[in-house]
Every structure is written in C-alpha cells, then in structure tokens.
Amino acid sequence: EKTGFWIDEFATPYYVFADAHAEITIASPSGGQPPVDPKSETEDAQSTSTKRYSNDTIAREKVAHSLKLSDVRTSDYDAVFYPGGHGPLWDLATDKDSIRLIEEFYHHQKPIAFVCHAPAALVNVKAKNGEPFVKGKELTSFSNTEEAAVKLTKVVPFLLEDELTKHGARYSKGYD
C-alpha cells in the first residue's frame, strides 16, 4: 500500500514551532516532495492543522522542496523532529543519513523528537558504546495492537513495538 508521512503528525507540530517563531527546515531522504500517506488526506483525517496546512502555500512549498538528509549538518540546527506515518518503517529505519543525524544530535545533546511510527528511525541508531540507542530508554510508538486495528500487521516490514523491544527499549503504551 502507498504510504509516507502522516500530514497531521507533520502539520500540528509544524505550527507549534512556526507560531513560536522557530526557523524551520524540512528534510527528507531524497529531498524534494516526500511521499504523503494518502490515508492522511481523507476527510476523516483532517484537523485544524491539516486544514491550515492545505491553505499554507509557504509550508507546502517548504515540504515540496525539502533538503536531502545527506545535505543536513547537525551544527546548523538546534533540534530535530520526525513526524509519523507508516513511511519511516520503509525508509528512515535504514537511512544512513538519518541514522547519522540522530546520533550526532543526541551526542551533541540537542533535542530529538519522534511521533507515532517515526521511532522506526531509531531502530538502527547506535549509542556511543555501540549498543542500540534505544536500549534502556523509555519509549512508546504505534503499538502492535494499533497496527492490528488498521489491518497492516502483514503489510509493514516490521512491527515497531516488537523491534524497539528487541533492541532493549523499555516500551510502554496505553490500554489496549
């Protein structure tokens, strides 16, 4: 199934940052327009933020002309945020540039944040000692139960909850 980033999981944080007058740069593995999960464009997935985004030509242009992750230098930024959607399971989990950036941001004590499926970008990140970055860290993400509810357990390349746990994360979630 076609997938990508989930618009609301991008737009809502984007406007929190933008409204606080943060300077925002958008980057993606290939640069240019990153794939959008078409399910996030359906009427029932719309929110105040997605409606604002759909009318915001500046934000849409930033996304359409995203930088390549390979061109991003940690020293140029104060923090990094990864929106969700199923897309990160296929590209960010193994993207060497994303892995490098996360490791550098963390090692330079710069904030890193992920939502929903975006913690997939952490599964191959290593700590300075060579162990999995997530080992011993408290994390949550899209759960196995949620994946089953959307009927994608046989579609995704891995179940994020299982993968994070396998790498030593102290995984928690709300009630099933």
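Predicted model: local features only at pLDDT ≥ 70, side-chain atom pairs only at ≥ 80, totals over all residues.

Colleague: OK. How many helices and strands are there?

Modeller: The protein has seven helices and six strands. Starting from the N terminus, the order is α-β-α-α-β-β-α-α-β-β-α-α-β.

Colleague: What is the radius of gyration, and what would a compact globule have?

Modeller: The protein has 16 Å. A compact globule of 176 residues would be near 16 Å, so the two agree. The C-alpha trace spans about 40 × 40 × 25 Å along the principal axes.

Colleague: What share of the residues is buried?

Modeller: 43% of the 176 residues count as buried. The exposed surface comes to about 9,900 Å², with carbon and sulfur atoms supplying 53% of it.

Colleague: And the contacts, how far apart in sequence are the partners?

Modeller: Taking contacts between residues at least 6 apart in sequence, 76% join residues at least 24 apart.

Colleague: Charges next. How far apart are the mean positions of the positive and negative ones?

Modeller: They are 4 Å apart, for 20 positive and 27 negative charges.

Colleague: On to helices. What does α1 pack against?

Modeller: Helix α1 covers residues 7-19. Its buried residues pack against α2 (48-54), α3 (57-64) and β3. Those buried residues are Ile7, Glu9, Phe10, Ala11, Pro13, Tyr14 and Tyr15.

Colleague: What follows α1?

Modeller: His21 follows α1, and its phi is positive, near 70°. As a rule, most residues other than glycine have a negative phi.

Colleague: Which other residues have a positive phi?

Modeller: Cys116 is one of them, with phi near 60°. Lys151 is another non-glycine residue with a positive phi, about 60°.

Colleague: Where do those two sit, and are they buried or exposed?

Modeller: Cys116 is in the loop between β4 and β5 (138-139). Its relative accessible area is 19%, under the 20% cut-off, so Cys116 counts as buried. Lys151 lies in the loop between α6 (144-149) and α7 (160-166). With a relative accessible area of 69%, Lys151 is exposed.

Colleague: Back to helices. Which residues of α5 are buried?

Modeller: In α5, the buried ones are Asp97, Ser98, Ile99, Leu101, Ile102 and Phe105. Their cover includes β3 (80-82) and β4 (112-114).

Colleague: Why would buried positions in a helix be spaced like that?

Modeller: In general, an α-helix has 3.6 residues a turn, so residues three or four places apart point the same way.

Colleague: What about the length of α5?

Modeller: Helix α5 runs over residues 96-107. Its 12 residues should span 16 Å at 1.5 Å a residue, and its end C-alpha atoms are 16 Å apart, so that agrees too.

Colleague: Now Ala118. What does Ala118 touch?

Modeller: Not counting residues up to four places away in sequence, Ala118 touches Tyr82, Pro83, Gly84 and Pro88. Ala118 is in the loop between β4 and β5. It is buried, with a relative accessible area of 0%.

Colleague: How far is Ala118 from Ala18?

Modeller: Their C-alpha atoms are separated by 20 Å, and the two residues are 100 apart along the chain.

Colleague: And Trp90, where is that?

Modeller: Trp90 is in helix α4 (residues 87-90). It is partly exposed, with a relative accessible area of 41%. Leaving aside neighbours within four places in sequence, Trp90 is in contact with Thr3, Val155, Val156 and Pro157.

Colleague: Last one, Thr140. What is Thr140 in contact with?

Modeller: Beyond its neighbours within four places in sequence, Thr140 is in contact with Pro119, Tyr171, Ser172 and Lys173. Thr140 is in the loop between β5 and α6. Its relative accessible area is 46%, and it is partly exposed. The C-alpha atoms of Thr140 and His21 are separated by 28 Å.

Technical notes
Residues numbered from 1 in each chain as written. Heavy atoms only, no water. Helix = DSSP H or I, 4+ residues; strand = E, 2+ residues; numbered from the N terminus. Rg over C-alpha atoms; globule rule 2.2 N^0.38 Å. Buried < 20%, exposed > 50% of the residue type's maximum accessible area, 1.4 Å probe, protein only. Contact = heavy atoms within 4.5 Å. Areas by Shrake-Rupley, 256 points an atom, 1.4 Å probe, with all protein chains shown as cover. Lys, Arg positive; Asp, Glu negative; His and termini not counted. Charge placed at Lys NZ, Arg CZ, Asp CG, Glu CD. Expected span 1.5 Å × (residues − 1).
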